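Below are my comments on the packing of the nonpolar and aromatic side chains. Please read them against the model.

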Amino acid sequence: MPPKAVVFDFDGVILQSVDIKTRAFAALFAAEGPEAAGRIVAYHEANGGISRFEKFRHAYREVLRRPLPPEEEKALGERFNDLVETAVSACPWVPGAEAFLKAHHESLPLFVASGTPQTELRRIVERRGMSRYFKGTYGSPDAKDAILRRVAASLGCDGARLLMVGDAAGDLLAARAVGASFIGIAPPGRPSPFEEGTPLLPDLTGLSAALDRL
C-alpha cells in the first residue's frame with residue numbers, strides 16, 4: 001500500500017543546511033583546541049539528526065571531560081542558534097525538495113521530524129514561507145521515533161503506513177522503531193551512513209517516482 005504520509009528530516013533533506021551546522025560546531029568549540037574541536041565535529045557529523053544538546057553533553061562528557069552546568073548548556077544553545085538560524089533561513093533547497101512539496105502537499109500529508117529545537121525549526125519554516133506545505137513540524141526535545149508515533153496517531157494509522165525520508169542512520173533507526181518505510185538521502189561525494197540495501201536517492205528529485213514504486 002502507498003504511504004499515508006511522508007515525514008522528512010530537515011537539514012540535508014529539505015534544505016542544504018548540513019554544512020552550516022558543521023561550521024557552527026567548529027566555531028563553538030574552536031577555543032578548546034584543534035584536536036578536541038575536531039573530535040566534537042566528527043561526532044556531530046557521524047550523528048546527524050539528533051539534538052544539538054545531546055551533542056553538547058557528549059562533547060563535555062567524552063571529549064572535554066568536564067561537567068556541563070545547565071546554564072552553560074543553555075548559553076551554548078543560544079550561541080549555536082545565533083550562528084545558524086539566519087543562515088539556514090536563507091540557504092538553498094535540496095534539489096527537488098521545493099518541487100515535491102508544491103506538487104504533493106495538497107494530496108499527501110507531509111510532516112517534518114528534526115533534531116533541531118522545535119521553536120527554532122518552526123521559526124525557520126515560517127520565515128521561508130514553508131508552513132503551508134506541512135501538516136506538522138516537530139523537533140527536539142522529542143525523539144524522532146516518538147514524533148513518528150505522534151504523526152501516525154494523528155492520522156489514525158500505524159507506523160507502517162508512514163514513509164520517513166532522512167539522511168542519517170538515526171533517521172533509519174527511528175523509522176524501524178515504528179515499522180515505517182524509509183528512503184535515505186545520500187548526496188554524491190558524501191559517504192553514505194546507511195547499511196547495504198537501504199533504498200537511497202541523491203536528493204529529492206526522484207522522490208515522486210520512488211513513491212510510485214512503494
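1. Phe56 is buried, at a relative accessible area of 0%. The model is a predicted one. Phe80 also counts as buried, with 1% relative accessibility.

2. A search of the whole structure gives nine aromatic pairs. In one of them, the rings of Phe8 and Phe100 have centres 5.9 Å apart and planes at 75°, so this pair is edge-to-face. Phe8 belongs to strand β1 (residues 5-8) and Phe100 to helix α5 (residues 97-104), so the pair ties together parts 92 residues apart in sequence. Phe8 is buried at 0% relative accessibility, and Phe100 is buried at 2%.

3. Phe56 and Phe80 make an edge-to-face pair, with 6.1 Å from centre to centre and 70° between the planes. Because Phe56 lies in helix α3 and Phe80 in helix α4 (residues 70-90), the pair ties together parts that are 24 residues apart in sequence.

4. The largest nonpolar core has 49 residues, and Phe8, Phe10 and Phe29 touch the most other members. Helix α3 (residues 52-64) supplies the largest share of this core, five residues. Apart from this core lies another of 19 residues, including Ile147, Ala175, Phe182 and Phe194.

5. Beyond its neighbours within four places in sequence, Phe29 is in contact with Ala37, Ile40, Phe56, Ala59, Tyr60, Leu64 and Leu76.

6. Two arginines sit over aromatic rings. Arg128 lies over the face of Trp93, at 5.4 Å from the ring centre. The charged end of Arg150 is placed over the ring of Tyr138, 4.9 Å from its centre.

Note on methods:
Residues are numbered from 1 along each chain as its sequence is written. This is a predicted model: local features need pLDDT of at least 70, side-chain atom pairs count only at pLDDT 80 or more; totals for chains, interfaces and linings use all residues. Side-chain values use heavy atoms; hydrogens and water are left out. A nonpolar core is a set of buried Ala, Val, Leu, Ile, Met, Phe, Trp, Tyr and Cys residues joined through side-chain atoms within 4.5 Å. Buried means under 20% relative accessible area, exposed over 50%, partly exposed in between (1.4 Å probe, protein chains only). Helices (H or I, at least four residues) and strands (E, at least two) are DSSP runs, numbered from the N terminus. Contact means heavy atoms within 4.5 Å. Rings of Phe, Tyr and Trp (its six-membered ring) pair if their centres lie within 6.5 Å; planes under 30 degrees apart count as stacked, over 60 as edge-to-face and the rest as tilted. A charge sits over a ring if NZ of Lys or CZ of Arg is within 6 Å of the ring centre and within 35 degrees of the ring normal.
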